[in-house]
Amino acid sequence: MAETAVRRGLITVAQQEALAALLDLEDPLGSTLPELWHWTQLLNAPAQRDLGPDGHPSNGIPAPPGPGQKRMFAGGRVRTYQLLRTGEACERTTQMLGTVVKEGRTGALTFVKIRHTYMQAGEVCIVEENDIVYRDTGSRLDLTPSTLNHPGPAVEAEPVIRLAVDETFLFRFSALTYNAHRIHYDLNWADHEGYPGLVIHGPLQALLMGELHRRHGDGLVGREFAYRLKAPAVGPQRLTAVPGPHGLEHGSRVLDTCGNVTAAATISAIDKPAHRPV
C-alpha cells in the first residue's frame, strides 16, 4: 500500500454548482469554494474491479486493515488557510499518518489517520486530517432508526440550520462525493454491517456544521475546524445544526430528529504555515 499519493486537477465550478443545488442554495457562486466544499473536488475514481463488497476501495489510502472489517468515519480536523479558487489547478497530497488498534464495546477497533494537503500556486490552502475506524466483522450497533415523520427537536439556541435528509438526498450526496459505501444507499447492506437503517454520512454532518459557521458566524478561514462523530445518525430524518454549548464562535453540534448529539465541532485560531506541512 502506498504511503503517499498525489492528485492534481482543476477546482471546477460544476461540482460547486451541484453541491449548491443539493443544499437548495440560490446565492450567486463566487470565484472561491466555500469552506469544506473541497470535499466534492479532486475525487479519487477507482476502477470498479478495485472496490470491495462494501463499495470501498480495497487498496490505496486507506485500505482495510483486514478482510471484512467495517469502515466508519470518526471525525477529523480541517485547517483552512485560504479558500480554493475555482477554475485553477490544485494539488492534493495524501499521506498515511498511522494506525492504532484499541478495544471497544463491539470488539477490536482499528483507527487509521490520514492527512490531505491542498495547494494552489505553491501555497498551502487547506490541511485536513481524517480519522477512519474499522470494526470487526459480526459486530452490531444498538440503534433506533429515525424518521422524517418526526418534526425534529425544539431548540432555543440561535442560529440554526435544519436539513431534511431522505433516501434521495443520501444517494445524491454519495454520488457528489463519489462515495460508494453501501451503508448510505443499500438498506440490506446497512443491515449486514449492523445498522437498522441507512446511515447518514459523517462528512455531511460536518458540512452542515461548517455551513452554520459560514452563513451565521465568522467562517472557517484562519481557523481549525475539529469535528467528531459522536453517534451514527440512522434513517431518513431532519438534522439540526446548532451552536455549541459555549456559543457559535467556539463550536457547533448536530442534533438528530430525537435531539441526540450525533456530531460536534470546535473552532480554534491557526497560524499560516511558512511551508508545506511534513
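Trainee: Does A121 count as buried or exposed?
Mentor: This is a predicted model, in which local features need pLDDT of at least 70, side-chain atom pairs count only at pLDDT 80 or more, and totals for chains, interfaces and linings use all residues. Residues are numbered from 1 along each chain as its sequence is written, and side-chain values use heavy atoms, with hydrogens and water left out. Buried means under 20% relative accessible area, exposed over 50%, and partly exposed in between (1.4 Å probe, protein chains only). Because its relative accessibility is 74%, A121 counts as exposed.

Trainee: In which loop does A121 lie?
Mentor: A121 has a positive phi of about 50° although it is not a glycine. Most residues other than glycine have a negative phi. Helices (H or I, at least four residues) and strands (E, at least two) are DSSP runs, numbered from the N terminus. In these terms A121 belongs to the loop between strand 4 (107–120) and strand 5.

Trainee: What is the relative accessible area of Y178?
Mentor: Y178, which is not a glycine, also has a positive phi, of about 50°. Its position is in the loop between helix 2 and helix 3 (187–192). Y178 is exposed, and its relative accessible area is 52%.

Trainee: Which residue is joined to E158 by a cis peptide bond?
Mentor: Most peptide bonds are trans. Here omega is about 0°. The partner of E158 is P159.

Trainee: Which residues form the covered face of strand 6?
Mentor: The uncovered face of strand 6 consists of R162 and A164. The covered face consists of I161, L163 and V165.

Trainee: How many bridges join strand 6 to strand 8?
Mentor: Two strands pair if DSSP finds at least two bridges between them. In strand 8, V165 has Q237 as its bridge partner, and A164 has R238. Strands 6 and 8 run antiparallel, and the number of bridges joining them is 5.

Trainee: How many of the 7 residues of strand 8 are buried?
Mentor: Strand 8 is also joined to strand 9 (residues 251–255) by 4 bridges, again antiparallel; there V242 stands opposite R253. Strand 8 is largely enclosed by the rest of the structure, because the number of its 7 residues that are buried is 6.

Trainee: Which residues is W37 in contact with, leaving aside its neighbours within four places in sequence?
Mentor: Contact means heavy atoms within 4.5 Å. W37 is among the residues that touch the most other members of the largest nonpolar core. Its contacts are Q16, L19, A20, L23, L25, L207, E211 and R214.

How values were computed: Core = buried A, V, L, I, M, F, W, Y, C linked by side-chain atoms within 4.5 Å.
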